[in-house]
Each structure stands twice: as structure tokens, then as C-alpha cells.
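Biologist: I have a structure open and want to learn how to read it. Can we go through it feature by feature?

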Amino acid sequence: MIVFRYLAREVLLSMLAVSSVLLVIIMSGRFVKYLSQAAAGELDPNVLMAIMGYRLPGFLELILPLGLFLGFLLGYGRLYLESEMTVLEACGMSQKRLLAYSMGPALLVAIVVGILSVYLAPYGAAQTNLIFDQQESRSELESLVPGRFQQKENSSRVTYTDEVSAGGQLGLVFMADRNKSTKRLQITLAETGSTMLDTEREQRFLVLENGYRYEGVPGLADYQELGFERYGTEIERRNQAIRYDKIEALPTAALWVSDQPGHRAQLNWRLSLPVLALVVTLLAVPLSRVNPRQGRFARLVPSILIYLTYLTLLSNTTSQVSEGESSPMAIWMIHLLFAALAVNMILFGRFWSRLYNQIPMPTLRLRLPGRKSS
């Protein structure tokens, strides 16, 4: 039990260190992106921390399996380098027992990843999209200053209103825009205005009531006049690029009863992430065995390449399943393929180690001053 706690501590401490660094890097990049949106007035600065908190489970569900994989490589690699693993093997620590001890922290991480991917990440995605919807509505209304003609950035539309109520209702509305293709000026006048969300298309509209619309070319007498009781104009979605996909925000229970290819792919992806943590543990245990002469990081680069190949194949297969090109069983065949690779490395690890050690490694020779080379 003492050996188990010692090995688990080595792995978990290395995993936490690696995962923390990766999380800080990823979250910093996302935060800078959201901060630029807030500086442009498209997001309220007060919601930035809430957005980052809701996106945290989505980051962790992918970071933790990688952190666990690197934790085994770094933790066990140090034990091999300092001959501690050799001492354990001399005291009766077999490869099978080492693998059994390694599954302890792997199961813990797999359970945490399962909770994140099945429950917390979809909830966070839904709440993130809800915040963006609220911010679009808030930004569109609060950007209108009563009694002032305003023009949007990168747009020819000029908007005026004499009143903006707390409930989001507009008073007298004036809108002027120019059709880019026909170059005709379009002027709209309405007594009142408000925003409306089309839930089917997930698109927001500015709805004007009791007004007139004029269209024509200035200086010519061919203007067209149109009276209307209700008139809707589409509001551009500024935050579409940083949203979660709608399927990613659906709860797992809704995906379970659905037969749509995209829903089935997303469901199997969520269930795959805990399995990913277990399979990479089977891969990491034989890959962590290093020769003290080669150094601690000798196998780090090829091991990471194996992990990236695994994750890339899993992601590409999930995309094919979502498009209806493959069956969901293809996702689990990827897991079986790499599990078989791990079993092969465990059973024939010494053979592969000898083969790997025969690969010539580049060396660097230093010529000391004052010494002639022979």
C-alpha cells in the first residue's frame, strides 16, 4: 500500500503540474479573445469571469487525459532514471503489479473526466451560449443612444431613436441604409421598435411597428413607398465565432434518446473521453520505461506523437460519424486499436525497448580549449 501511494503521488503531482500549465496557457488565450470583445463593446466586462468559469469544464475534459499521460511519462521516467524502479523490481514489483497500481490514479481521473464530459461541460456550454445571447440583446439596445444618429462600425446603416426604455422597447425609430448591389437608399420610419428571437433559426430581429419604408436613388423621382404594421430586420450575430455548437450544449440525456448522426457522434465522443484516460494509461506505463543513459525525456517526443495520433483519429472519426459517413462503432474501434497497441507494448516491451535503444541518437562533443583532438 505504501508503494501504491508513492507511485500515485508521483503521477498525480506531475499530472497536476502539467495540467495547470496547459490550463493557464489555454485560458489566457481565450481570455484575451473575450477581453478584445469587451473592449469593442460587444461584451459586458462583468460577465468575462462567468464565461471563463462556464468554459472551464470544456477545457479540463481534454487537458486532464493529456496531463495524466504526461504525468506517467514524467513520474515513472524519473523513477527509472534514478534507479528507484529497478529497486522496486528487485523487491518483487512485476510489470503486471505496476500496471495494476497505475490503474488507481487512472480510474480517479477517468471518473472526473466522465463527470466533466457528461454533465458539467454541456451545462457550461449551454450557459455560455445563453450569456452570449443576452449580451447580443443588451449590446444592440444599449448601443442606441436616444436623440443621436449612430452608424455601426463596418456598416452603412444609420439608426436613430428618441427613446430606449428599461424593458428594451424603442420609441420613434429612423433607419437609413444603402443597398450595396443596387446603390439605392432605403429609409425606414416606425413609431415603435423591439427585439425578437427566432428560436428555430436562432437569429435575433429588430421588429418595427406602424411605419413606412422608402427606397430610391437620391435626385431621382422613382422612390417606392411601403407602409407596414410590422417589419423585421435581421441583427448580425457578432459573437458567433466564439460560441459553442448547439449540439455541444445539449444535455447528455437528450442525446441518448436521439437518432440523429450528429447527436450520436456527440454522445459517443463524451463517453469516449473517460475511456481515453484509461487507454493512455496502458500506453504510458510501457512508454515510461527509459534507459538512464538516454535521459528522462528520451521517449517524450515519440510518446506525444502517439497520443496526438490517437486523439486526431478519434476526432476525425467523430466528425465522420456526425456527417453520417461512419457508424458510432468506428469511434470504439479506435479505442480498441490503441488498447491493442498498449497490450502489445506491455507484453513485448523489452523487445521494443531493445529495438528503440538501437536507434542512433545524435551526440554533441565539446572541444575544450588548449586540448588537441586526437
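Predicted model: local features only at pLDDT ≥ 70, side-chain atom pairs only at ≥ 80, totals over all residues.

Biologist: What span does α6 reach from its first C-alpha to its last?

Modeller: Compare the end-to-end reach with the expected one. Helix α6 covers residues 261-287, 27 residues in total. The reach is 36 Å, close to the 39 Å expected at 1.5 Å a residue.

Biologist: How many of the residues of α6 are buried?

Modeller: Buried means under 20% relative accessible area. In α6, 22 of the 27 residues are buried, so the helix is largely enclosed by the rest of the structure. For the chain, 43% of the 374 residues count as buried.

Biologist: Which helices and strands make up the chain, by number?

Modeller: Count each kind of element. There are nine helices and six strands. Then look at contacts between residues at least 6 apart in sequence: 61% of them join residues at least 24 apart.

Biologist: Now a pocket. Which residues lie nearest the centre of the second largest pocket?

Modeller: Start with the volume, then the lining. This pocket has a volume of about 670 Å³. Its lining has 28 residues, and E61, L62, E248, Q266 and W269 lie nearest the centre. Elements giving two or more residues to that lining are α1, α2, α4, α6 and α7. The largest share, seven residues, comes from α2.

Biologist: Is T318 buried or exposed?

Modeller: Check the relative accessibility against the 20% cut-off for buried. T318 has 11%, so T318 counts as buried. This residue sits in helix α7. Setting aside residues up to four places away in sequence, T318 touches A265, W269 and I331. W269 is also one of the residues nearest the centre of the second largest pocket.

Biologist: Which residues is A38 in contact with, leaving aside neighbours within four places in sequence?

Modeller: L43, P45 and L48. A38 belongs to helix α1. Its relative accessible area is 11%, so A38 is buried. A38 and L48 are 10 residues apart along the chain, and their C-alpha atoms are separated by 8.2 Å.

Technical notes: Residues numbered from 1 in each chain as written. Heavy atoms only, no water. Helix = DSSP H or I, 4+ residues; strand = E, 2+ residues; numbered from the N terminus. Expected span 1.5 Å × (residues − 1). Buried < 20%, exposed > 50% of the residue type's maximum accessible area, 1.4 Å probe, protein only. Contact = heavy atoms within 4.5 Å. 1 Å grid on protein atoms, 1.4 Å probe; cavity = no way out; pocket = protein on both sides within 12 Å on 5 of 7 lines; lining within 4 Å. Points joined across faces, edges and corners; volume = space filled by probe spheres on them.
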